Amino acid sequence: MSASLDKLQVLGWAVLLSGILEFAGMLILLKRNGFLPEISKELFCQKGTLFEVGSLALPGLAGAIAYQFSVFSDALIAGWISEYAVASLNFTERLVYLPIGVLGFALGTVSLPEMSRMAQHRAYEDLISTLFSALRYLCFLTIPLTVYFIIFHVPILSLAYCRGNFGMR
């Protein structure tokens, strides 16, 4: 038992050290390329700057809080239902996020560089057009996939997780 705990401690320290090294490497690259902002007391004393940064970060913070609350409450409710419900919820969420992960990230990887170029050249009309085009493609792919998941949910779950080895219970 203590040997496995020692391995877990080593793994935990290794993850922490790799995170610190990655952060340090990123700071070095930012400084070398001139992208590291100068942080000074005067910057934080300007009330307008802090208010602007806070107002820009607030919607993202609210969304992150809502997401974390949703995940926590889902796991809490699933824990009250049965001991297997938390694992079932986790497996089901993996299937739900599969199209988002595959299609959303693929589309973002393709369209974001083009939209960044348009923003750099201040071609905002083209940027908005490209954004709406990407969203149309995403809806064109995900809405039928959602309907497919709704109609064929039992065979999909059976194929993905049972593989003929387990029953639906």
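**A serine contact, then the wider picture**

Guide: Let us begin with one side chain: that of Ser111 reaches the backbone oxygen of Leu107 at 2.8 Å. Please keep in mind that this is a predicted model.

Visitor: Where does Ser111 lie?

Guide: Ser111 belongs to helix H4.

Visitor: And is Ser111 buried or exposed?

Guide: Ser111 has a relative accessible area of 12%, and residues under 20% count as buried, so Ser111 is buried.

Visitor: How many salt bridges does a search of the whole structure find?

Guide: The search finds one salt bridge. Glu114 forms this salt bridge with Arg117, and their closest N and O atoms are 2.4 Å apart.

Visitor: Why can such side chains pair?

Guide: Side chains of opposite charge can pair when their charged atoms come close. Here, Glu114 and Arg117 are three residues apart in helix H4, which covers residues 85–120, so about one helical turn separates them.

Visitor: How accessible are Glu114 and Arg117?

Guide: Glu114 is partly exposed, with a relative accessible area of 33%. Arg117 is also partly exposed, at 38% relative accessibility.

Visitor: Changing topic, which residues form a nonpolar patch on the surface?

Guide: The patch is formed by Phe23, Met26, Leu27, Leu30, Phe35 and Leu36. Together they have about 560 Å² of accessible area.

Visitor: Take Met26 from that list. Where is its place?

Guide: Met26 is found in helix H1, which spans residues 2–32. With a relative accessible area of 44%, Met26 is partly exposed.

Visitor: Stepping back, what does the secondary structure of the protein chain come to?

Guide: The protein chain has six helices and zero strands. From the N terminus on, its elements run α-α-α-α-α-α.

Visitor: Is the chain spread out or compact?

Guide: Its radius of gyration is 23 Å, well over the 15 Å that the globule rule gives for 169 residues, so the chain is more spread out than a compact globule. Along its principal axes, the C-alpha trace spans about 65 × 55 × 30 Å.

Visitor: How much of the protein chain do buried residues make up?

Guide: Buried residues make up 7% of the 169 residues. The accessible surface of the chain comes to about 14,400 Å², and 72% of that surface belongs to carbon and sulfur atoms.

Visitor: What about contacts between residues at least 6 apart in sequence?

Guide: Among those contacts in the protein chain, 41% join residues at least 24 apart.

Methods
Residues numbered from 1 in each chain as written. Predicted model: local features only at pLDDT ≥ 70, side-chain atom pairs only at ≥ 80, totals over all residues. Heavy atoms only, no water. Salt bridge = Lys/Arg side-chain N within 4 Å of Asp/Glu carboxyl O. Helix = DSSP H or I, 4+ residues; strand = E, 2+ residues; numbered from the N terminus. Buried < 20%, exposed > 50% of the residue type's maximum accessible area, 1.4 Å probe, protein only. Patch = residues over 30% accessible without salt bridge, like charges linked within 9 Å, V, L, I, M, F, W, Y side chains within 5 Å. Areas by Shrake-Rupley, 256 points an atom, 1.4 Å probe, with all protein chains shown as cover. Polar contact = N/O pair within 3.5 Å; in protein donor to acceptor, adjacent residues only side chain to side chain. Rg over C-alpha atoms; globule rule 2.2 N^0.38 Å. Contact = heavy atoms within 4.5 Å.
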